[in-house]
Amino acid sequence: MAAVFAAGVGAGAVNSVVGSGTLITFPVLLAAGLPPVTATVSNALGLIPGSVSGAIGYRAELRGQRRRVLKLGTGALLGGLAGATLLLSLPADAFETIVPVLVGLALVLVALQPRLGAMVRRRRERTGDTRRDGGPPLYGGLTLASVYGGYFAAAQGIIYLSLMGMLLDEPLQRLNAVKNVLAAVVNSVAALFFLFAADFDWTAVVLVAAGSGLGGYVGAKVGRRFSPTLLRAVVLTIGTVALVQLLLR
């Protein structure tokens, strides 16, 4: 029980700053004896408070982004619901091959984000494109990422940051704030679906929820102080560790 609570704290903090907190809690829940699907469902329910507290911690960076959050949040809701449905329909190892590929690609995009963002801005200037919401590519990409998030959620935050960093002309901290809201939406809609359609372990849910709620708020307080360069370095470091863990599973 202490290990599950501690994993929840760590996952909540990591999710607020980067994402990939599931890679902390999921192995601990498996080690505690939960079957894979039950562990995934319990984890999704337990991480909701961490996502919400992380979003609250980043509320200053969310100012002026209401319209963006509502639009992207709609895609996150639909994608999260689709992913939760797939979790209960497909074999437990259905995403094992594609997940490392997605995470690796996301890390490359995060590393190249300043250069890619500059290229996108120059292209907009040449073409006269005045849209600043990322258009269909961002909406479609984040919706698909949310399908994956509803299914497993490991490193979904890194995928969100990579897409938004490439297609939106915003500071990384403001994008991180949006990422936390989208993760909260996906976790919540998937969890509500699981409440009526899957088995979960209430003890694990409560322990992860208590830990992630605390960790999410603390992580947001610390993460907001990072410079863009440091935040990107943290994303790449944690993301690389997550990728190695996924490849070795």
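Predicted model: local features only at pLDDT ≥ 70, side-chain atom pairs only at ≥ 80, totals over all residues.
Two packed helices are described by the angle between their axes and the distance between the axes. In this model, helix 9 and helix 11 pack at an angle of about 45°, and their axes lie 10 Å apart. Because angles under 35 degrees count as roughly parallel and those from 65 to 115 as roughly perpendicular, helix 9 and helix 11 are oblique to each other. Helix 9 passes helix 11 in a right-handed crossing, and the residues that make the contact are set out below.

| Helix | Residues in the contact |
|---|---|
| Helix 9 (residues 135–151) | Leu142, Ser146, Gly149, Gly150 |
| Helix 11 (residues 172–197) | Leu182, Val186, Ala190, Phe194 |

Sorted by class, the contact of helix 9 with helix 11 has five nonpolar and three polar residues, with no charged residues.

Helix 1 covers residues 2–17, and at 1.5 Å a residue its 16 residues should span 22 Å, which agrees with the 23 Å between its end C-alpha atoms. The buried residues of helix 1 are Val4, Ala7, Gly8, Ala11, Gly12, Val14, Asn15, Ser16 and Val17, and helix 1 is followed by Gly19, whose phi is positive, near 125°.

Leaving aside its neighbours within four places in sequence, Thr38 is in contact with Asp199, Phe200 and Asp201.

Methods
Residues numbered from 1 in each chain as written. Heavy atoms only, no water. Axes fitted to C-alpha atoms, helices over the stretch in contact; angles between N-to-C directions. Helix = DSSP H or I, 4+ residues; strand = E, 2+ residues; numbered from the N terminus. Parallel < 35°, antiparallel > 145°, perpendicular 65-115°, else oblique. Left-handed = near helix turned anticlockwise from the far one by under 90°. Contact = heavy atoms within 4.5 Å. Nonpolar A, V, L, I, M, F, W, Y, C, P; charged D, E, K, R; others polar. Expected span 1.5 Å × (residues − 1). Buried < 20%, exposed > 50% of the residue type's maximum accessible area, 1.4 Å probe, protein only.
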